[in-house]
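Me: I'm new to this one and would like to learn how to read it. Could you walk me through it, a feature at a time?

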Amino acid sequence: MIYLDNAATTKTAPEVVEAMLPYFTEMYGNPSTIYSLGSESKKAVNSARRILAESIGAKMEEIYFTAGGSESDNWAIKAAAEAYCAKGKHIIVSRIEHHAVLHTCEYLEKRGFEVTYLEVDRDGMVDPETLRKAIRPDTILISIMFANNEIGTIEPIAQLGQIAHENGILFHTDAVQAYGQLPIRVDEMNIDMLSASGHKLNGPKGIGFLYIRTGVKIGSFVHGGAQERRRRAGTENVPGIVGLGAAAKRAMERMESKTETEIALRDYLIGRLEREIPYCRLNGHRTRRLPNNVNVSFDYIEGESMLIMLDMKGICASSGSACTSGSLDPSHVLLAIGLKHEQAHGSLRITLSEENTREEMDIVVDELKQIVQRLRDMSPLYEDFIKKEKAKD
Ligand SMILES: *Cc1c(COP(=O)(O)O)cnc(C)c1O
């Protein structure tokens, strides 16, 4: 099997699993208790909290454990809307946010909030000037993702955050794809809230965190006990938290070498696809791009058929995002960067890990060449297109 869907989820690293195991077996104490079995768990939770805080230049008490990226996004946006609604009811996000942000915004629109969805350019970049113009006196929150999960484009977060702060507006970023792949400093980048998720960086599923800057007055997401400074009640997911801490430590240590390996594979793959498959285009920014992301569209191809044929060869990839595949709606991200519906349907997302090899890239290109040719041979539209091209000559 060749796994090329690391934006959907990653393999839990063996050392992460190893770190978690004792917290299922001998060290099962509740961190809120006072006997030593419980305080061992509490120590483990705090040690993970310290790793996460240091990884983004935050303080320990600014890290709140959640059940993952979706919960962090929901919490940040809903709670900010509630806490700051006396000041105004206007929120700004981009058109290419993850559904955890977009659907939360739609929920708020039904409850009297107004949301501006910023357009992006053909590379998927948010223009800081467009953001500046969208700001109103009643804007209370700006939420722009750090890097896009479908096309890999990295947004100018520090600049966008600065514009938010010049206008006294809270700035949240969904950094689920960026965290562990790119260096992040919340102070230098003007970030007030940041969402991250364990399973996107070789950690376990169902655990993540929300960074909340000291002084941001958002309320609790889960009401109950005093855990997470009363802002997110419920007995801590100790094994998950330990796993997230171990995954973050591992990701920070190897970020540089991992990035180098992945960029080399990424650019090799993009180069071969562009050179060897006709009517293929790269989606997303060519350089301001996640090290592991390749997203291409093939004209006259139906993405789902391509995925099924790749799967028969043992290759796991994605068309659009995992959340949209299976539905017939084309990806909102690909439409936002100006693709036509049929181009969006013919897109393929390949997201690498440092374990992938050049030989695997070669296999993928060779398989794709055949698959694309076979699907085009079955397409009446492609046949018409070729006839017209020939007539031109
Ligand atoms: C995966 C992802 C999420 C959701 O994270 P979960 O932990 O799966 O809930 C949110 N935002 C982005 C950009 C993602 O890639």
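This is a predicted model: local features need pLDDT of at least 70, side-chain atom pairs count only at pLDDT 80 or more; totals for chains, interfaces and linings use all residues.

Me: Which residues of helix α8 are buried?

Reply: "Buried" here stands for under 20% relative accessible area. In α8, which covers residues 303-312, the buried ones are Gly 303, Met 306, Leu 307, Met 309 and Leu 310. Looking down the axis of α8, you'd find its buried residues within an arc of 165°, so they line one face of the helix. Ile 308, Asp 311 and Met 312 are exposed, on the face turned away from that buried side.

Me: And what covers the buried residues of α8?

Reply: The cover includes β10, β11 (315-316), α10 (341-345), β12 (347-351) and α11 (358-377).

Me: Let's move to the sheet. In what order do the strands come?

Reply: The general idea is that strands of a sheet pair through backbone hydrogen bonds, either parallel or antiparallel. Here, seven strands make an open sheet with mixed pairing, in the order β2-β8-β7-β6-β5-β3-β4. The edges belong to β2 (63-66) and β4 (114-118); each has a single partner strand, so one side of each has no neighbour in the sheet. From one strand to the next, the twist averages 20°.

Me: How many bridges join β7 to β8?

Reply: Five, between residues 193-197 of β7 and residues 208-212 of β8, and the two strands run antiparallel. You can find Ala 196 opposite Phe 209 in β8.

Me: Which helix packs on the sheet, touching β5 and β6?

Reply: That's α6 (residues 157-166), which touches β5 (139-143) and β6 (170-174), and its direction makes about 155° with that of β6. Its buried residues are Ile 157, Leu 160, Gly 161, Ile 163 and Ala 164. These cover an arc of only 155° around the axis, which puts them on the same side of α6. Among the elements covering them are α5 (128-134), β5 and β6. After α6 comes Gly 168, with a positive phi near 65°.

Me: Is Asn 293 buried or exposed?

Reply: Buried: its relative accessible area is 1%. Asn 293 sits in strand β10 (residues 293-298). A polar atom of its side chain lies 3.1 Å from the backbone oxygen of Glu 150. Leaving out residues up to four places away in sequence, Asn 293 touches several residues, including Asn 149, Ile 151, Arg 266 and Thr 351.

Me: Where is Ile 277?

Reply: Ile 277 is in the loop between α7 (238-276) and β9 (280-282). At 3% relative accessibility, Ile 277 counts as buried too. Ile 277 and Phe 298 are 21 residues apart in sequence, with their C-alpha atoms 8.4 Å apart in space.

Technical notes:
Residues are numbered from 1 along each chain as its sequence is written. Side-chain values use heavy atoms; hydrogens and water are left out. Two strands pair if DSSP finds at least two bridges between them. Helices (H or I, at least four residues) and strands (E, at least two) are DSSP runs, numbered from the N terminus. Axes are lines fitted to C-alpha atoms, for helices over the stretch in contact, and angles run from 0 to 180 degrees between N-to-C directions. Contact means heavy atoms within 4.5 Å. Buried means under 20% relative accessible area, exposed over 50%, partly exposed in between (1.4 Å probe, protein chains only). The arc is that of the directions from the helix axis to the C-beta atoms. A polar contact is a pair of N or O atoms within 3.5 Å; within protein, one must be able to donate a hydrogen and the other to accept it, and residues adjacent in sequence count only if both atoms are side-chain atoms.
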